[in-house]
Amino acid sequence: MRRSIGTSREPEGRLMSRGSSQEIDCPSAQATADGARVFGVMTGTPEEHRVGYLTETLPVSEKLLALAGPAKPTQLFRIAAPCAGASGGCKHFKGNACSLAERIVAGTPVVVNALPACQIRSTCRWFRQEGKAACFRCPQVMTDKSNASDYERQIADAE
């Protein structure tokens, strides 16, 4: 069952720590972000893709980005970098939350029934905010999807 975009709800498993000094990561960052590192690689086809999670994160480098060939790095890699939301540097950050994570949990189906072996979970904005519900949907997320449906674009770009 899909919820409508913008539906207000209290996320299951909210783990946001108010006094935490640990840096929080965006799991859908651009390759050009400071501190960017790859934590997953897209597998499958453009229509039926999933994230293959790496056993350790890799710092983004020119050599690594060259592996994407003619594709955008964010079409091949899942990239994490420090969340720019609290500083006002992200269009998805509203109030004290990532609205992209909210829209993904509200508007996309669960695609796994166990937590993926993700190397950034302990610092992931989406996990800290939405709990395991975000992790159950994360393997289907592609930061830049060239063949995105109108519905997927609405989830990704809603203001």
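Leaving aside neighbours within four places in sequence, which residues is Pro46 in contact with? Pro46 is in contact with Lys145 and Asn147, where contact means heavy atoms within 4.5 Å. The place of Pro46 is in the loop between S2 and S3. Its C-alpha atom and that of Ser146 are separated by 8.6 Å, although the two residues are 100 residues apart along the chain. Pro46 is partly exposed, with a relative accessible area of 48%. On this scale buried means under 20% relative accessible area, exposed means over 50%, and partly exposed lies in between, with a 1.4 Å probe and protein chains only.

This is a predicted model, in which local features need pLDDT of at least 70, side-chain atom pairs count only at pLDDT 80 or more, and totals for chains, interfaces and linings use all residues. Residues are numbered from 1 along each chain as its sequence is written, and side-chain values use heavy atoms, with hydrogens and water left out.

## Overall composition

The chain has six helices and six strands. Helices (H or I, at least four residues) and strands (E, at least two) are DSSP runs, numbered from the N terminus. Along the sequence, the pattern is β-β-β-α-α-β-β-β-α-α-α-α. Of the 159 residues, 41% count as buried. Among contacts in the chain with a separation of 6 or more, 75% are between residues 24 or more positions apart. The accessible surface of the chain is about 8,800 Å², and carbon and sulfur atoms account for 53% of that surface. Accessible areas come from the Shrake-Rupley method with a 1.4 Å probe; for residues, only the protein chains shown count as cover.

## The sheet

An open sheet is formed by four strands in the order S1-S4-S2-S3, with antiparallel pairing. S1 and strand S3 (49–59) stand at the edges with a single partner strand each, so one side of each has no neighbour in the sheet. Two strands pair if DSSP finds at least two bridges between them. The antiparallel pairs are listed below.

| Strand pair | Bridges | One of the facing residue pairs |
|---|---|---|
| S1 (residues 25–26) and S4 | two | Cys26 and Ala81 |
| S2 (residues 37–44) and S4 | four | Val38 and Ile79 |
| S2 and S3 | seven | Val38 and Leu58 |

Val38 has Ile79 of S4 as a bridge partner and stands opposite Leu58 in S3. S2 and S3 form a hairpin, with four residues between the two strands. Five of the six residues of strand S4 (residues 77–82) are buried, so the strand is largely enclosed by the rest of the structure. In a regular strand the side chains alternate between the two faces of the sheet.

Why is helix H3 described as largely enclosed by the rest of the structure? Eight of the nine residues of H3 (residues 99–107) are buried, and therefore the helix is largely enclosed. The buried residues are Ser99, Leu100, Ala101, Arg103, Ile104, Val105, Ala106 and Gly107. Their cover includes strand S5 (93–94) and strand S6 (97–98), together with helix H4 (125–130), helix H5 (132–135) and helix H6 (150–157).

Val110 is found in the loop between H3 and H4. This residue is partly exposed, with a relative accessible area of 45%. Not counting residues up to four places away in sequence, Val110 touches Phe136 and Arg137. Val110 and Arg137 are 27 residues apart in sequence, and their C-alpha atoms are 4.9 Å apart in space.

## Side-chain interactions

Gln129 lies in helix H4 and is buried, with a relative accessible area of 0%. The side chains of Gln129 and Glu130 are joined by a polar contact of 2.9 Å. A polar contact is a pair of N or O atoms within 3.5 Å; within protein, one must be able to donate a hydrogen and the other to accept it, and residues adjacent in sequence count only if both atoms are side-chain atoms.

The charged end of Arg121 sits over the ring of Phe127, at 5.9 Å from the ring centre. For this, NZ of Lys or CZ of Arg must be within 6 Å of the ring centre and within 35 degrees of the ring normal.
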